[in-house]
Amino acid sequence: MKINISNIQHFSVGDGDGIRTTVFFKGCNLHCPWCHNPENLTSAPCSMTYPNKPGTEILGKAVEPAEILSELLEDKDFYDASGGGVTLSGGEVMLQTEGAAELCRLIKSEGISVIVDTAGVVPYTEFEKMNPIVDEYIYDIKTADCEKYRNIGGDLSIVTDNLSRLIRDGKSVRVRIPLIPDFNTDTESVNSIGKLLCSLGIKKVELLSFHRLGSSKYEAMGLNYLYKDVEPISSENIEMIKKEYCKYLKVDG
Amino acid sequence: MKLFKELNRELCEEPTGTYAPYYYRFVGYKKDLAAKPSALRANGIYSLFTESRPVILKNELIVGNRRSLFAKDVNPIVLEYSKNMVDIFKERWFDTNKDHFAPDYRHILSLGIPGLINEADRSLLRHRNDPEKCETIKSMRLTLVGFSKMIENYAVAAEEALSIDGYDKSRLKGIIDTCRALINGKPSSFKEALQLVWFCHNAFLMEGRYAMALGRIDQYLYPFYKEDIEKGAITDDEVIELLENIFIKLQDDVVNICIGGQNQQGECDVNSLSLCVLKAVGNCNVPGPNLSLRLTPNTPDEFLDECLKVIGTGLGYPAIMNDDINIAALKKYGYDDEDVYNYCMVGCIENFITGMQPPWSDDRFDTPRFFDFIFNNGISETSRTVGLDTGNLEYIKTMDDFMRTYEKQLAYGADEYFSKFNATNASLNQRFIPEPFLSCFCHDCIGRGLDINNGGAKYPSVHGAVVMGIGTVSDSLAAIEKVIFIDKEATLSELRDALNSNFEGYEELHKKLLSAPKYGNNDDFVDKYAVWFIDYLGSLFEKYHTYDGGRFYIAAAANVSSIYSGAQTNATPDGRKRGEPLSDAASPGYGRDTRGPTSTINSVSKPDYTKVACGTVVNQKYSPEMFSDGKRSKLLALIRTLFKKGGQEIQINATSREILKKAMDNPDDYRDLVVRVSGFSAFYVTLGREVQLDILNRTQHE
């Protein structure tokens with residue numbers, strides 16, 4: 001079963017322990033307007049034309065898991081030396097569980113750890129396909145507000161339900177909250193997310209601060225990036241948000 | 001404020017008078033202008049040491065600086081005459097084994113100056129029937145006596161300073177005691193040992209030498225350190241303060257300092273003094289102390305991590321050397337094992353058997369220009385140089401033909417390089433410019449009664465041929481194989497026309513050449529040429545010998561020569577335009593390793609670096625967040641893996657705010673600069689200005 005991917009990124013250092021290679025899956029069922037990987041929002045190939053780079057790059061191709069594996073294996077020594085491995089990210093990996101599971105099995109058979117980065121908006125049956133072969137999930141929580149989730153194409157009840165079932169099933173889950181200005185960084189939002197996670201028995205979160213590094217990609221795709229003029233959150237504010245979360249759980253990053 | 005900062009401020013003050021080492025040297029020459037070369041030189045060095053007037057700075061704990069050579073109240077005619085005369089007698093220079101030397105400090109520390117003079121006396125007795133050797137030994141001895149006298153002058157100057165306001169009296173008394181102890185015997189404390197080393201180094205500077213290495217300072221000073229620490233006579237903070245006091249004086253020089261390594265039993269040589277040295281270099285944070293780490297598989301991760309912290313300050317040091325590879329490379333040249341394990345580096349990265357071979361020399365051998373000779377019947381208009389006329393391009397029918405032709409050009413180039421080396425050395429009668437003082441620091445010149453450059457050293461002189469352009473050449477060969485011989489998109493003649501017109505009018509072909517596989521992406525199609533490059537050039541230079549029968553090593557390092565050489569090199573088949581820099585050192589071409597550092601490392605670890613005895617440089621830049629507590633361990637694993645795979649060296653630079661700013665203004669020079677954040681990485685220069693500023697601001701906070 002081929003997998004629709006946009007890119008394989010070597011030496012990923014922010015997607016789990018150690019040195020990792022990240023496979024970016026194409027296609028997503030959310031449409032977060034701040035997304036920094038717009039090329040993965042759609043399943044169709046994207047053409048990217050950068051102003052200061054000659055030529056046009058097409059991102060998106062269907063690739064056999066075995067072919068992906070051979071590229072992942074190039075960095076095996078680095079995974080071993082650093083306690084790293086492979087991270088599947090996207091887009092939404094869980095929309096292609098058939099191919100993803102095959103890829104994970106191949107990776108596991110080489111003794112390499114696999115992390116899946118997901119927003120969790122899929123039926124739990126999809127997770128059940130992946131659970132036996134995934135070492136850890138990076139699980140995004142964007143908001144605790146039903147309507148806000150609906151606005152970006154999500155469903156809070158599915159997200160929380162899946163998260164609690166993953167924990168019940170004994171899976172290792174790293175909860176991550178993207179800090180998005182004017183979306184989830186006000187005190188009220190922070191407190192409601194904090195409370196929600198607390199009620200689910202989550203002990204620790206990672207905060208991922210908004211950046212607009214993706215804006216050149218939107219430009220390259222000829223798209224308008226709604227967040228291109230949004231300034232990154234100041235470090236003082238990040239500290240304040242952290243402090244607020246610390247009332248409920250431990251904060252990393 | 002830290003003491004070294006105060007000292008730095010003092011050092012920045014312009015001294016009065018004229019910097020006139022020649023004047024002090026000529027005082028000695030003048031004593032007997034008809035003296036034989038070794039006596040003449042020794043007289044000059046003796047007066048250089050004894051006639052100059054030591055200056056003690058207020059913040060010096062370890063005294064000795066070149067201010068003593070500023071002549072005041074000397075008639076300008078005398079100065080001019082002295083300079084003219086000294087110039088006539090000439091000095092050696094880098095090409096002819098003047099400096100880039102790592103003295104045998106262990107020896108002088110164990111004997112002290114009186115002990116070394118005594119060694120000379122015993123050697124005189126042994127060689128009493130050989131007048132020439134006696135002459136040589138006497139000249140060495142005289143310079144040692146002068147050296148001792150200079151230290152006495154420092155003691156006197158410190159005594160005089162006691163009555164001057166602004167000096168710390170107890171510090172001066174310490175200086176006086178230390179100087180007196182060094183005149184009368186061997187050093188008996190860490191401070192005395194360090195002061196002796198510094199007096200030696202400063203004396204070499206007075207002689208006009210540059211890039212004199214301090215070598216394995218954490219090893220030869222360790223016995224003194226250990227004893228003092230155990231006695232409670234000194235603390236680590238005091239040790240660091242003393243070291244800072246000398247490192248801050250090393251600015252405007254390239255003084256290699258080596259830490260770590262392993263002994264013959266393979267035991268790790270890192271000790272607590274290594275950490276003090278590292279911290280002192282990091283605190284001073286000035287270029288000059290060129291710190292090198294000999295990394296072994298059993299160097300503790302904690303120590304490597306400390307090194308990364310220092311690198312992360314933006315200093316870029318220590319450079320990290322793969323000890324196993326260097327030792328394997330050096331062992332091929334038949335050095336005794338115990339000497340090999342005591343190697344260090346001189347200059348930037350050049351491997352050197354500490355205190356046992358004549359001073360180092362090397363030169364650049366840039367390889368991409370030889371393509372021009374193949375394409376243009378042996379004449380390169382861009383570099384205005386001539387190679388072989390290897391005939392009509394139509395006779396080159398296969399990639400194999402092309403390789404053999406290129407090899408022929410390189411072989412001719414190596415002969416040309418060697419002939420220049422020979423001619424330079426022939427212009428200098430080796431016996432005419434003896435080095436009596438330097439010889440005292442090279443095993444076993446005193447014992448043999450021979451000058452360091454005239455058979456006194458245990459091993460003969462080595463020359464380094466620094467081969468440049470591994471990335472440009474590998475990419476060029478891969479592009480030729482792919483575009484010309486496999487895809488048959490153009491003929492060699494068309495390629496020649498494209499190169500000679502700098503790709504103007506050949507945009508399609510240029511695009512194809514650019515999209516051929518590039519070195520640094522873990523693609524064997526091109527990486528095999530890098531492997532060949534090292535194998536072939538290694539074998540080419542194997543056959544040459546230096547004037548005294550020593551060997552030629554090769555190096556894959558270039559400093560900034562890749563820019564100058566590139567400026568004089570025609571467009572190359574990899575798609576590089578005329579005048580653009582060549583690939584740097586042993587690294588892939590600028591911005592061409594696009595798959596991230598692991599792929600770069602997978603590629604650059606393919607060549608067999610045990611054939612590169614001089615050394616390699618692989619430069620990598622990382623944004624400062626890679627040095628944060630959470631991520632440093634990933635860099636550490638990266639380095640470990642590079643070395644496990646057989647890489648020889650890595651020099652990591654933390655991208656400072658200054659560099660990010662430069663990259664915004666000159667994007668072409670920073671094409672390889674990558675910014676990494678979670679789930680995202682991008683080439684910095686491809687980002688919009690606003691976003692670049694975001695990153696710049698992140699950097700400020702970290």
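Me: How many residues does the contact take from chain B and from chain A?
Reply: In this predicted model, the contact takes 31 residues from chain B and 29 residues from chain A. On the side of chain B that touches chain A, helix H26 (597-604), helix H27 (632-644), strand E16 (674-677), strand E17 (680-683) and helix H29 (689-701) each supply at least two residues.

Me: Which of those gives the largest share of that side of chain B?
Reply: The largest share, seven residues, comes from H27(B).

Me: And by class, what does the side of chain B that touches chain A have?
Reply: That side has ten nonpolar, 13 polar and eight charged residues.

Me: What scores does the model get, and what is the mean pLDDT of chain B?
Reply: The model scores ipTM 0.92 and pTM 0.93, while chain B has a mean pLDDT of 94, with 98% of its residues reaching 70 or more.

Me: Switching to overall shape, what is the radius of gyration of chain B, and what does the globule rule give?
Reply: Chain B has a radius of gyration of 27 Å, close to the 27 Å that the globule rule gives for 702 residues, so chain B is as compact as a globular protein of that length. Its secondary structure comes to 29 helices and 17 strands, and its C-alpha trace spans about 80 × 60 × 55 Å along the principal axes. Buried residues make up 54% of the chain.

Me: And chain A, what are its numbers?
Reply: Chain A has 253 residues and a radius of gyration of 18 Å, which agrees with the value near 18 Å for a compact globule with that number of residues. It has nine helices and eleven strands, and 46% of its residues count as buried.

Me: Back to chain B, which residues have the most contacts inside the largest nonpolar core?
Reply: That core has 247 residues, and those with the most contacts inside it are Ala213(B), Val277(B), Val281(B) and Ala557(B). Leaving aside residues up to four places away in sequence, Val281(B) touches Phe247(B), Ile257(B), Pro289(B), Leu291(B), Val310(B) and Tyr317(B). Apart from that core lies another, of twelve residues, and among them are Leu213(A), Leu660(B), Val674(B) and Ile695(B).

Me: You mentioned Tyr317(B); is its peptide bond to Pro318(B) cis or trans?
Reply: The bond joining Tyr317(B) and Pro318(B) is cis, with omega about 0°, and Pro318(B) is found in the loop between helix H13 (301-315) and E5 of chain B. The peptide bond from His443(B) to Asp444(B) is also cis, with omega near 5°, and Asp444(B) lies in the loop between helix H18 (436-439) and helix H19 (445-448) of chain B. In general, most peptide bonds are trans.

Terms used: Residues are numbered from 1 along each chain as its sequence is written. Chains are lettered from A and ligands numbered from 1 in the order in which they are written. This is a predicted model: local features need pLDDT of at least 70, side-chain atom pairs count only at pLDDT 80 or more; totals for chains, interfaces and linings use all residues. Two residues are in contact if their C-beta atoms, placed from the backbone, lie within 7 Å. Helices (H or I, at least four residues) and strands (E, at least two) are DSSP runs, numbered from the N terminus. Ala, Val, Leu, Ile, Met, Phe, Trp, Tyr, Cys and Pro count as nonpolar, Asp, Glu, Lys and Arg as charged, and the others, Gly among them, as polar. pLDDT is the predictor's confidence in each residue, from 0 to 100. A nonpolar core is a set of buried Ala, Val, Leu, Ile, Met, Phe, Trp, Tyr and Cys residues joined through C-beta atoms within 7 Å. A residue is buried if 20 or more other C-beta atoms lie within 10 Å of its own, exposed if 12 or fewer, and partly exposed in between; C-beta atoms are placed from the backbone. The radius of gyration is taken over C-alpha atoms; the globule rule is 2.2 Å times the number of residues to the power 0.38.
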